Structure formats: C-alpha cells, structure tokens
Amino acid sequence: MTLLAEKSPAAEPAPPRRAPARRRLVPYWLLLPGILWLLVFFALPLVYQASTSVQTGSLEQGFRVTWHFATYWDAFTEYWPQFVRSLLYAGTATLLCLLLGYPLAYLIAFRAGRWRNLILVLVIAPFFTSFLIRTLAWKTILADDSAVVAALDALKVLDVTNWLGLTEGDRVLATPLAVVCGLTYNFLPFMILPLYTSLERIDGRLHEAARDLYASPATTFRKVTFPLSLPGVVSGTLLTFIPASGDYVNAELLGSTDTKMIGNVIQSQFLRVLDYPTAAALSFILMAIVLAMVTVYIRRAGTEDLV
Amino acid sequence: MTTTDTYTGGDVRLTGISKSYGSFTAVQPLDLTVPQGSFFALLGASGCGKTTTLRMIAGLEDPTTGTVHLGDRDVTDLPPYKRPVNTVFQSYALFPHLDIFENIAFGLRRRGLKSVKKQVGEMLELVQLGDKARHRPHQLSGGQQQRVAVARALINHPQVLLLDEPLGALDLKLRRQMQLELKRIQTEVGITFVHVTHDQEEAMTMADTVAVMNGGRVEQLGAPAELYEHPRTTFVANFLGTSNLIPAEVAGTGSEVVVTAGGGKLRLPGERCPAGARPGGRLLVGIRPEKITLSHADDAGAVPDGRNRITGRITDSSFIGVSTQYTVDGPAGTGLQVYEQNIERDPRLVPGAEVVLHWNPAHTFGLDADQDIAAGTEQETAAGAGSGAGPGAATGPGRNTAGPGQDIAGAERAEDSP
C-alpha cells in the first residue's frame with residue numbers, strides 16, 4: 001500500500017493531470033456556439049450602434065465619429081413625450097396582460113384537467129399567423145362601425161375611457177386605447193406561459209397544507225399560491241413590458257400621430273429621416289431606461305432566490 | 001374559525017363512512033372510534049384506503065356516505081380550515097417561500113394571533129430546531145423537515161393530529177429515532193394521534209391501537225400484541241409478522257380442538273378457533289415462526305409429550321445474527337418458517353436435514369379455512385423493515401431489502417385483492 005502510494009505520483013505525474021484539464025475545457029467548448037452567436041449578433045451590433053450614436057454628418061457627406069454626445073441630450077429633450085408614452089402604454093398593457101393572464105394561467109394549471117393541453121395550444125395558436133396580420137385584424141375589430149365599438153359605446157365603457165383620456169368621442173381606432181389593446185393582445189401569451197409554468201410547479205399538497213392550517217381559499221391564494229407564483233409574475237411582466245415598450249407596429253397600425261411611441265420615432269429616424277446618430281442614441285436611451293426600471297423591479301420583487 | 005380555539009376534546013367517531021371515485025370504492029362503509037388521547041394507527045398496504053380515511057377526517061376528502069364526529073360535533077360538512085384537526089403530510093408540504101419560523105407560525109397567524117414569537121419558540125425547542133428558525137425548508141435535512149411538519153401542526157393544539165406516513169421518506173435509523181420521538185411528543189401533549197402507515201413494525205412500536213385495513217375495510221382492530229397473538233384473518237396473520245398457516249381437518253372439538261394435518265395430529269385451544277369449527281370441517285392452523293422449536297430427527301424422542309409436532313426437511317437456512325431462519329418442507333406444508341435464537345446452535349441443522357418442528361399447543365391459533373391463505377403475504381415485504389414484529393423475529397428470509405420495487409409489488413397486490 002505505502003509502496004504504491006509513494007510510487008505512483010513519481011512514476012507518472014503528467015497523465016492524471018492532463019485528462020482533468022481537458023475535461024475542464026469541455027464546458028467552454030459547449031459554450032462556444034452561444035458565445036459566438038452573442039458576439040456576432042449582439043455585441044458587435046451594440047458596439048456599432050454605440051459608435052453611430054456619437055457620429056455627426058449627413059447621408060451625402062458621410063458620418064464620422066466625432067464623440068458628439070450632445071445627440072443624446074437633444075434626442076431626449078425632443079422626444080421625451082414619446083418615451084413617457086411608450087412606458088405608459090407598455091405598463092398599462094403589461095398590467096392588463098397580468099389581470100387577464102393570471103386567471104387563465106391559474107385555470108390551465110389547476111382546473112383544466114384533460115383540457116389543459118388543448119387550452120395551451122389555443123394560447124399559442126395565434127403565433128401561427130403573422131404578427132402583422134393579427135394586428136391588422138384588430139383594425140377591423142376596432143373599426144368605427146364595428147360591433148365591438150358599438151357594444152362598448154352602449155355599455156358606457158367609452159364614457160369611462162373618454163374620461164381617462166384613452167379614447168375620444170365614439171371612436172376607438174387611432175386612440176391610445178386601440179394601441180394598448182393591440183399591445184395587450186399581442187403580448188398576452190408571453191405573460192400566460194411563464195405564469196402557467198410557475199403555477200403548474202406548485203405542489204398541490206401545499207394548498208392542502210394551507211387549508212389544513214386554517215387558511216380559507218382566499219387566504220391560501222394570498223399567502224401561498226400567489227407568493228409561489230411570483231417568479232412567473234416577474235418573468236411574465238418582463239417578457240411583456242420590455243418588448244412592448246420598444247414596439248412600434250401597434251402604434252403604427254392602430255394608433256394616430258398622437259399615439260406615437262418611441263419605437264415609431266426610432267423607426268422613422270432610421271428609415272425615413274435617415275438621421276442614424278439620433279436613432280441610435282434614442283435606442284440607447286430606451287435601453288438604459290428599461291434596464292434601470294427592470295433592475296429596480298427585480299430588486300423590489302425580491303424573488304432572486306425563488307427564480 | 002373561532003371554534004378551533006376551544007378545545008372540547010372527545011373521540012373521533014366515523015359512522016358508516018365510505019368513499020367512492022366513480023366505480024372504484026376506496027373505502028367501504030366503516031365505523032371507527034378513536035378514543036381521545038390515544039395513539040391510533042391505520043395500517044395497511046398502499047391502496048387499502050387508509051390515507052383516504054385519514055383525509056376524510058382532515059376534511060380534504062368529502063365522504064361519499066357517512067359522518068365524521070369530533071366529540072359531539074358533526075364536522076362532516078366543515079371545510080378543512082374550520083376543523084380543529086391538523087395534518088402532518090407524507091411529503092411534509094412545508095411552504096418553500098417561508099422560513100421555518102413562519103412555517104410553524106402559519107396556523108397561528110391564520111387564526112389572527114398577533115404575538116406568536118413565544119409559542120413558536122417553545123415549539124422549536126420541543127422539536128429541537130431552535131437554531132434553524134430563519135432557515136428555509138430546503139436547507140434542512142429530511143428528519144429536520146419532518147420535525148418542522150410536526151411542529152407546524154402541533155402548535156395549533158388540534159383536537160386530533162393526523163399523520164400521513166410521516167416517516168416514509170426517512171432512512172431506517174432516523175425512522176426508528178422519529179418513532180420514539182413522536183411517541184414521546186404524543187405522551188407529552190396528550191393529543192389524539194391518528195397515524196397512517198404501511199409499516200407494521202412502525203404501527204406496533206408507536207400505537208396503542210392498530211386498525212389493519214385491507215381493500216377498503218378494517219380487517220381487525222386491537223392492541224398490537226392482541227393483533228399479533230390473536231389474528232382473526234389470514235390477512236392479519238400474514239401482514240403482521242409472519243405466520244405458518246397449515247390447512248387441516250377438524251377431528252375433535254371442545255376446550256381443546258384436535259385437527260389432522262399431513263397425517264399427524266395437532267392440538268390448539270378451543271377459544272383460539274373460529275366459532276364454526278366442527279368435526280370434519282376444515283381449518284387453517286397458524287403458528288408464529290419464533291414459537292417453534294426445531295429438533296433434529298435423531299432427537300425426536302427427546303421432544304416432551306404434549307407438544308404439537310410436525311416433521312419435515314430443511315430446505316433453506318439464513319443466519320441473521322440474533323437468530324437463524326429456517327425454511328422447512330414437510331407433509332403438513334411447504335415453506336414453513338422457523339426462527340431459532342442463536343443460543344446453542346445445532347450444527348446438524350443444515351439444509352437437507354430431517355427435523356421435527358414442535359411447539360406449545362397454546363401458541364397455536366385457528367382461522368376460518370374459507371380465506372385466501374396467502375392474503376397479506378406479499379404486502380408484508382412492502383411494509384418496509386420486514387417482518388421483525390414479534391419477539392426474536394427479524395427480517396424474513398430472502399426479503400432482506402425493502403426497496404421501492406417491492407413497494408410497487410405490494411401496491412399492485414393490494415389492488416388485486418378483493
């Protein structure tokens with residue numbers, strides 16, 4: 001025994017070390033495709049946009065990097081109403097998605113039984129049609145002479161939304177309400193799926209334990225189900241809010257000039273005005289705002305150890 | 001919810017309670033009374049209806065028929081959160097988003113108690129987890145989680161504490177320890193415990209009264225020693241420990257019943273026979289393996305008169321340490337089990353040896369022959385630690401492990417049996 005123990009490290013010191021070293025590299029090899037992808041499609045464009053944002057010049061004379069940071073300030077002061085509007089619309093749509101999505105996710109997770117898979121398919125089914133087509137369909141749904149608008153008018157819902165400033169007169173199309181409706185509709189599945197996943201993961205015996213420990217159904221929801229579904233609420237709201245705040249299709253198709261979101265501004269700066277530095281600067285400002293809000297939100301939600 | 005604060009006491013009374021799921025009847029109509037302050041075990045294989053019975057007491061399952069009374073109160077229609085009953089769940093069901101302190105305080109807070117610190121502290125001390133108050137459940141070991149589950153239920157001073165296989169997830173050593181611990185807590189707090197288990201040894205160790213359930217029915221109810229010594233059905237005889245059951249024909253009745261089996265005569269006390277035994281009728285004669293003495297055929301003359309004796313040949317023997325377990329085939333029956341204490345081992349008792357099995361007739365019991373002689377035998381292996389129930393008995397031969405595979409076999413078996 002002792003002889004062996006003394007001999008083996010002296011005789012062959014290298015091989016036992018080389019094999020683990022190669023094994024240590026395996027994770028990096030596996031990461032390589034992902035890292036390359038991120039580099040080419042995320043990091044490089046980001047650097048390129050950053051450099052664009054500090055360029056000056058014109059399309060005819062060409063743009064040059066002049067470290068002109070004033071573009072940021074100018075862009076923000078000129079377009080801050082669109083920023084505020086974007087965040088408001090996205091926030092409202094996220095809230096509506098949560099209010100509509102939570103009961104549905106709860107139903108699928110706990111009550112649907114054998115219908116569960118069918119309902120899940122129905123939730124995802126709209127994705128089989130183009131985003132654009134679906135949004136255009138809402139133009140018909142919310143058209144001035146549509147039954148939906150007539151019903152909303154008859155039910156005095158429009159009076160409420162008028163008062164809230166979401167609609168004007170008896171029109172819905174080309175109002176903030178139409179844009180929020182479109183955003184809510186388009187991003188609802190992104191809310192429902194994470195909510196469903198986190199609700200479905202909850203052990204049913206926890207509900208029984210809560211009921212056994214003097215919690216009524218309502219209290220059980222408040223003290224057990226909802227806290228345990230927070231990871232889904234957080235990821236669902238993020239998956240809804242972040243893309244919604246940068247969206248421009250809904251505002252373009254369902255809104256008017258008064259409902260322009262920051263996405264519309266960026267799009268027109270890039271493709272119509274051809275003022276690339278301003279467009280890039282606006283993109284970075286939006287990114288910074290969303291990043292800051294998300295950081296604060298996740299901190300506040302305090303779900304790091306649950307996710 | 002206010003009524004949960006008043007500790008009225010009283011027995012748990014189940015009257016004609018049953019539960020059906022569609023065409024499947026999980027629990028046949030049954031009457032059961034659990035005396036106040038007792039440690040009561042519902043014992044049976046998976047699928048025998050014991051957990052369903054427990055859940056009906058908890059209110060987590062609505063009975064198809066019958067009523068549940070706690071003391072004089074009919075609680076059949078009360079939802080679980082209005083019953084003065086708490087449950088320790090099989091998987092503990094601790095709230096993962098709350099720390100240990102809040103888990104234990106959960107019931108008190110739901111009943112609107114503001115200052116829970118003192119009570120929770122005391123409860124943490126009782127289960128010896130004072131230093132873990134701010135830990136999350138997943139940071140605790142299985143045994144510690146189990147104690148939290150007990151504390152979380154007990155702190156509410158329920159009228160009845162229901163335990164649904166609470167020790168099933170623990171390893172053998174910890175299970176023994178927790179059995180004693182639970183027994184100690186029960187004696188200390190004096191609350192009625194209703195304990196569901198498939199482990200017959202666990203039931204016998206802990207409970208004052210055991211109800212053996214099979215196929216949605218209570219087969220027999222009594223103190224552990226009573227059930228072991230006086231089984232009334234083949235299921236109980238086989239499920240609790242091991243029994244040698246020998247088909248026999250009744251030759252004479254009276255205060256002592258004489259039967260013939262395998263060409264020989266066996267005697268047993270009349271009061272340990274089913275009432276219907278008459279000459280010419282059939283009977284199953286039962287004897288526990290540890291009650292039998294094994295002698296080599298050469299020493300047959302030295303066996304005292306007046307003892308029941310049958311002959312046979314050893315087919316298998318396994319040395320367990322405290323005892324040696326022999327399997328004997330003879331004219332009276334095959335696969336007879338004999339457990340011999342390892343005091344003075346006879347070197348001639350090896351497989352192939354001709355032997356005489358003899359025992360005191362008073363230890364013999366008789367069972368109705370119209371039963372499945374093998375009922376409960378396979379479930380026995382699923383019962384966890386094996387058949388080490390009686391004095392001197394240890395694990396059954398060839399059944400030295402109680403893995404999950406055998407549990408499944410037991411469950412299937414339970415569903416097959418009527």
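Student: Which loop does A:Lys156 lie in?

Tutor: In chain A, A:Lys156 lies in the loop between helix H6 (147–154) and helix H7 (157–164). Keep in mind that this is a predicted model.

Student: What should I look for in the backbone there?

Tutor: Start with the general idea: most residues other than glycine have a negative phi. Now the case here: A:Lys156 is not a glycine, yet its phi is positive, at about 65 degrees.

Student: Is A:Lys156 buried or exposed?

Tutor: Exposed, because A:Lys156 has 10 C-beta neighbours inside 10 Å, and 12 or fewer counts as exposed.

Student: OK, what about B:His157 and its phi?

Tutor: B:His157 also isn't a glycine, and its phi is positive, about 45 degrees. You'll find B:His157 in the chain B loop between helix H4 (142–154) and strand S7 (160–164). B:His157 counts as partly exposed because it has 16 C-beta neighbours inside 10 Å.

Student: Back to chain A. How do helix H3 and helix H13 of chain A pack?

Tutor: Look at the angle and the distance between axes. H3 (residues 70–111) and H13 (residues 276–301) of chain A pack at about 65 degrees, with axes 9 Å apart. The crossing of H3(A) past H13(A) is right-handed.

Student: Which residues in H3(A) and H13(A) meet?

Tutor: From H3(A), they include A:Phe76 and A:Tyr79; from H13(A), A:Leu282 and A:Ile285 are among them. The residues of this H3(A)–H13(A) contact split into ten nonpolar, two polar and no charged.

Student: Where does UniProt place the "ABC transmembrane type-1" domain?

Tutor: The unreviewed UniProt entry puts that domain at residues 83–297 of chain A. Residues 83–297 of chain A are 78% helix and 0% strand, with end C-alpha atoms 18 Å apart.

Note on methods
Residues are numbered from 1 along each chain as its sequence is written. Chains are lettered from A and ligands numbered from 1 in the order in which they are written. This is a predicted model: local features need pLDDT of at least 70, side-chain atom pairs count only at pLDDT 80 or more; totals for chains, interfaces and linings use all residues. UniProt positions are given in the numbering used here, feature names are shortened, and annotations may be inferred rather than shown by experiment. Helices (H or I, at least four residues) and strands (E, at least two) are DSSP runs, numbered from the N terminus. Axes are lines fitted to C-alpha atoms, for helices over the stretch in contact, and angles run from 0 to 180 degrees between N-to-C directions. A crossing is left-handed if the near helix is turned anticlockwise from the far one by less than a right angle, and right-handed if clockwise. Two residues are in contact if their C-beta atoms, placed from the backbone, lie within 7 Å. Ala, Val, Leu, Ile, Met, Phe, Trp, Tyr, Cys and Pro count as nonpolar, Asp, Glu, Lys and Arg as charged, and the others, Gly among them, as polar. A residue is buried if 20 or more other C-beta atoms lie within 10 Å of its own, exposed if 12 or fewer, and partly exposed in between; C-beta atoms are placed from the backbone.
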